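Please read them alongside the structure below.

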Amino acid sequence: MPPAIDRNEPVFVSGHRGLVGSAVVRRMEQAGFGNILTVARDKLDLCDPLAVDRWFREMRPKYVIHVAGKVGGILANSTYPADFMYDNLLIHATVLRSAQRYAVAKLLYLGSSCIYPRDCPQPIREEYLLTGPLEVTNEAYALAKIAGLKSCQHYRDQYGCNFISAIPTNLYGPRDNFDLQGSHVLPALIRKFHQAKLAGDREVVIWGSGKPRRELLYVDDLADACVFLLDNYEDKATINVGTGQDISIADLAKLVAAVVYPAAELVYNTSKPDGIPRKLLDVTRLHNLGWRHKMELRDGIQATYQWFLEHCQASVAAE
Ligand code: GFB
């Protein structure tokens, strides 16, 4: 068993305002962590190595859950590849370097299932990383994420740092980005069906062919897995985090329609990209450690729609 994580020691959660970071903070509070460090973007630019170094020197986190990064859906990734590459390369480089310099006792880094080769066998096992070409729509983001993940392993090898990494599948949940230009598919669908219902439009446009398949994990489940891995995982090898189940975009759209707007008619815009045909993670390694997801997809969509109604409805209704 790895040494116990002391709940009273300072833990830095980077990116605490985002979908994942906010869920990780919620989960850590429930799990009894009493000294969670966060820092707002306007107080610390994670792309700035000197500023990050100063912050670590002053705050001395003992543990780090590093989830900060520039993220977005298929359109944002393919429109701004240079920015996705630059921001993510720097954010991972600065945080890992400072964590090594200031002797962080354990760091958890999160990858993304899009870092696996585009056409690798399904379900995707951890050892398929770097065995083939990447999906072009998210190549820049994936390369930066891979650089971060491999850096964790190199810091282990060169400096003996206890840096571990995990690869989550596509995520969704409360505090997701519902902006149609930047969002992932699930929040986009929730918003589109909701807007169509308000406007009385029957037709809702789904990007692409509807044939790609995606595995979707509720973000609170990922946060639970992060705490679980911090407590129980110590290997150099990365580990997949997912549900082990996937669904076609067409069936996902029908499921969202059933929750938000059952009268909707689905129309496909095939001029929009499909992206990776399928990325279903093999979660055997995680299951063997004793962790499983709890939230089923329909319930998760319901919970996310409820959050959207409580937090974003006014801005959508005003359009
Ligand atoms: O979630 P998504 O944007 O990203 O798109 P990826 C998933 C699939 O849903 C694609 C389709 O086949 C889209 O064409 N889709 C249908 C839509 N309607 C919509 C819509 O209204 N909005 C969006 N966004 N998609 C991202 C990567 O890939 O996944 C990132 O670009 C990241 O790098 C993330 O890793 C997890 O799953 O294709």
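Where is Arg-41 found?

1. Arg-41 is in the loop between β2 (36-37) and α2 (49-59); helices (H or I, at least four residues) and strands (E, at least two) are DSSP runs, numbered from the N terminus. The model is predicted, so local features need pLDDT of at least 70, side-chain atom pairs count only at pLDDT 80 or more, and totals for chains, interfaces and linings use all residues. Residues are numbered from 1 along each chain as its sequence is written, and side-chain values use heavy atoms, with hydrogens and water left out.

2. Arg-41 has a relative accessible area of 76% and is therefore exposed (buried means under 20% relative accessible area, exposed over 50%, partly exposed in between; 1.4 Å probe, protein chains only).

3. Arg-17, Arg-41, Lys-43 and Arg-175 form a positive surface patch. Patch residues have over 30% relative accessible area and no salt bridge, and like charges are joined within 9 Å; a salt bridge is a side-chain nitrogen of Lys or Arg within 4 Å of a carboxyl oxygen of Asp or Glu.

4. Arg-175, one of the patch residues, sits in the loop between β6 (170-172) and α6 (185-199). Its phi is positive, near 70°, and it is not a glycine. Arg-175 is partly exposed, because its relative accessibility is 39%.

5. The loop between β4 (106-110) and α5 (139-159) contains Pro-123. The Gln-122 to Pro-123 peptide bond is cis, with omega near -10°.

6. Leu-130 also belongs to the loop between β4 and α5. Leu-130 has a positive phi of about 65° and, at 53% relative accessibility, is exposed.

Definitions and conventions. Patch = residues over 30% accessible without salt bridge, like charges linked within 9 Å, V, L, I, M, F, W, Y side chains within 5 Å. Areas by Shrake-Rupley, 256 points an atom, 1.4 Å probe, with all protein chains shown as cover. Lys, Arg positive; Asp, Glu negative; His and termini not counted. Charge placed at Lys NZ, Arg CZ, Asp CG, Glu CD.
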